[in-house]
Amino acid sequence: MVMTKAAPTLNADFLEAAGSNLPSPLQTLLAQRGKALVDMPLPTRRTENWKYSSRYLQLSDAMASALPSGRKAGPALAFDGYHVVIHNGVVVPEASDFPDIDGIEILSFADLDDIAAQQLAERLDNTLDSNAVQMSRLNTARFEDGLFIRLKPNAVMEKPLFVICETDAHATGSVYPRIYVEAGTNSQMTLVEEYMSTGTEPALVNTVSEFSLADGANITSVRLSLEGTNTQHIGATGARLLANARFDSHCVGFGGPLRRHDLQVRLEAAGAECRLNGVAVTQGKQHYDNHTTIEHVAPHCNSEETYRNIAADESHAIFNGRIHIHKDAQKSNANMSNKNLLLSTGAEIDTKPELEIYADDVKCAHGATIGRLDESALFYLVSRGIDRREANTLLSMAFINELIAQIPVEAVRETVQARLNQFIEQTFKGA
Amino acid sequence: MLSIRNLHASVEGKEILKGINLDIKPGEVHAIMGPNGSGKSTLSAILAGNEAYEVTDGEVLLDGNNLLELATEERAREGIFLAFQYPVEIPGVSNMQFLRTAVNAMRTHRGKEELSAVEFMKLAKETSKQVDLDPEFLKRGVNEGFSGGEKKRNEIMQALMLEPRIAILDETDSGLDIDALKVVSDGVNALRSPERAVLMVTHYQRLLNHIVPDYVHVLAGGKIVKSGGRELALELEERGYGWLGIKDEVEAS
């Protein structure tokens with residue numbers, strides 16, 4: 001049986017057993033979830049939340065095999081802070097620098113004892129709605145390892161923790177990186193997830209990262225999608241927030257043959273708040289699809305969401321932002337803005353804000369725009385002798401600088417800015 | 001240096017310039033005056049390379065070379081500078097980034113080394129003081145949230161930093177109070193040099209009290225109908241345009 005594109009159900013080869021090095025409670029979970037995947041329908045263009053993206057999904061039989069972890073890491077962006085390397089979905093302690101900080105546990109799933117593994121098995125997927133994030137179910141059936149972080153109450157990680165998730169695609173296959181963060185009362189940390197790749201064979205990167213925030217916890221999450229154009233990336237991030245917790249998310253993604261990120265945030269107790277910033281840039285025939293959901297479950301919660309896309313050439317960028325205000329979530333404040341910049345007539349942008357409001361005393365605003373570069377601004381810049389290509393790049397960067405400037409880790413901010421600048425400049429090669 | 005010969009131009013099929021002839025030599029300051037709608041701003045826009053206007057006849061030579069064949073950025077590097085009547089705001093691009101990119105583009109073209117960040121900041125701070133702008137403005141977006149007067153001062157600051165061969169000032173005096181007019185005029189006077197020419201386009205004579213021109217031309221109905229020395233401007237102020245057979249506000253478009 002050969003199923004390549006738009007197959008109606010998941011190829012049975014994807015059901016291969018995983019996690020043989022993991023504690024038994026996690027192996028049990030993987031096996032259960034694997035069984036549930038039999039005949040799992042794959043998204044098609046009739047699947048509402050995949051209708052613009054299903055045609056980019058190209059799963060081949062060979063991609064079902066897990067890429068082996070060679071336990072060595074390729075080049076990553078090196079920044080000041082703690083770092084953990086996840087190579088083909090497996091934590092590599094030799095390449096990592098686990099901080100030894102009071103009140104903070106950082107362990108690979110493989111190193112958890114049975115009791116901790118059992119607790120984790122009960123919690124995995126609790127932050128995600130697996131009906132809306134179908135492909136996260138594949139990760140929960142296939143992860144080989146994962147990174148578990150527990151911050152005890154009041155624990156503060158002063159420096160950011162970089163998690164370098166490398167896909168080593170020297171053969172065709174798939175990887176399933178997994179991260180779970182449990183942030184205790186009033187704890188704080190900044191986690192930078194860096195997805196990158198080496199090798200040139202076709203590969204599927206299927207990620208899930210989850211954050212559980214207790215009262216007053218404060219997590220900043222930076223997620224960089226930097227993989228090569230041989231990889232398809234389907235990632236999900238979930239966060240659940242209790243009273244007065246704060247979740248700041250900064251996602252920056254470069255296009256690829258398939259790029260999908262689902263971000264789901266649940267504000268479950270009064271005073272919880274989130275800020276979700278996202279930037280995606282695409283060129284050539286690349287794709288990028290950001291789907292976000294903010295659930296205002298409890299009253300007196302705030303959400304602020306700003307996503308920007310820049311699509312050049314014949315590329316395709318998608319934003320779907322859902323805000324769901326439950327009936328008891330009075331006094332909710334929700335702001336969502338999605339702005340898009342089209343750099344060519346052949347590029348496509350699809351944007352869809354979705355608001356579902358069941359409470360009657362809320363402040364909720366949303367806006368979506370699609371535009372082109374401002375000709376009068378371009379004329380002003382070139383009239384000062386600035387090269388046309390550089391002027392176009394400056395104006396495109398101006399569209400996203402405001403979001404990049406909010407990334408709280410300076411080294412990441414500068415690197416991301418330089419990469420975006422280079423990427424955008426390439427798209428004006430003909431100008 | 002700059003020769004405009006029989007220049008005809010139209011926008012959206014409507015002829016605005018109907019045969020302009022003008023010669024400007026290094027060191028000279030020319031003023032073009034005229035009623036609204038006479039084509040003054042069209043002339044400056046065409047010199048800078050605005051593609052909204054179509055040149056239908058005639059030529060413009062810069063040092064004997066065809067200026068109209070050059071793209072806007074090439075004209076700028078050859079020394080054409082237009083101070084805009086309505087400078088655009090560009091949020092997200094800082095004045096510092098913009099000015100440094102422009103200064104270095106010019107320097108590279110002139111075979112000079114690019115300025116380092118430190119050298120640039122020193123120059124930018126000095127020049128901003130010359131036009132009475134708080135150097136803090138460098139961190140803000142280009143013209144973002146600037147008052148009308150600040151925008152005009154920023155234009156003059158750019159001219160001072162980019163060292164053009166010919167600075168064209170399009171209604172630079174409009175919307176300025178008397179203090180701002182003084183600052184802008186001082187800036188323009190600082191630009192004057194034996195190698196550089198200035199072309200001022202203005203509706204009012206008051207700017208010419210501060211920047212004394214060598215030549216004054218009256219543009220009306222798309223043509224230069226009278227040229228003279230600085231005394232012509234004073235005569236226009238006293239007598240209006242009527243004695244030249246022009247109604248003020250002719251052909252307003």
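Helix α5 of chain B, residues 148-162, lies across strands β6 and β9 of that chain and runs at about 165 degrees to β6(B). Helices (H or I, at least four residues) and strands (E, at least two) are DSSP runs numbered from the N terminus. Angles run from 0 to 180 degrees between N-to-C directions, with axes fitted as lines to C-alpha atoms, for helices over the stretch in contact. This is a predicted model, in which local features need pLDDT of at least 70, side-chain atom pairs count only at pLDDT 80 or more, and totals for chains, interfaces and linings use all residues. Residues are numbered from 1 along each chain as its sequence is written, chains are lettered from A and ligands numbered from 1 in the order in which they are written, and side-chain values use heavy atoms, leaving out hydrogens and water.

In chain B, 6 strands make an open, mixed sheet in the order β6-β9-β10-β3-β11-β12. Two strands pair if DSSP finds at least two bridges between them. Strands β6 (80-83) and β12 (223-228) of chain B are at the edges with a single partner strand each, so one side of each has no neighbour in the sheet. Within the sheet, β3 (residues 29-33) and β10 (residues 197-202) of chain B pair in the parallel sense over 5 bridges. A31(B) has M200(B) in β10(B) as its bridge partner. Helix α1 of chain B (residues 40-48) packs on the sheet, touching β3, β6, β9, β10 and β11 of chain B; contact means heavy atoms within 4.5 Å. The direction of this helix makes about 145 degrees with that of β10(B).
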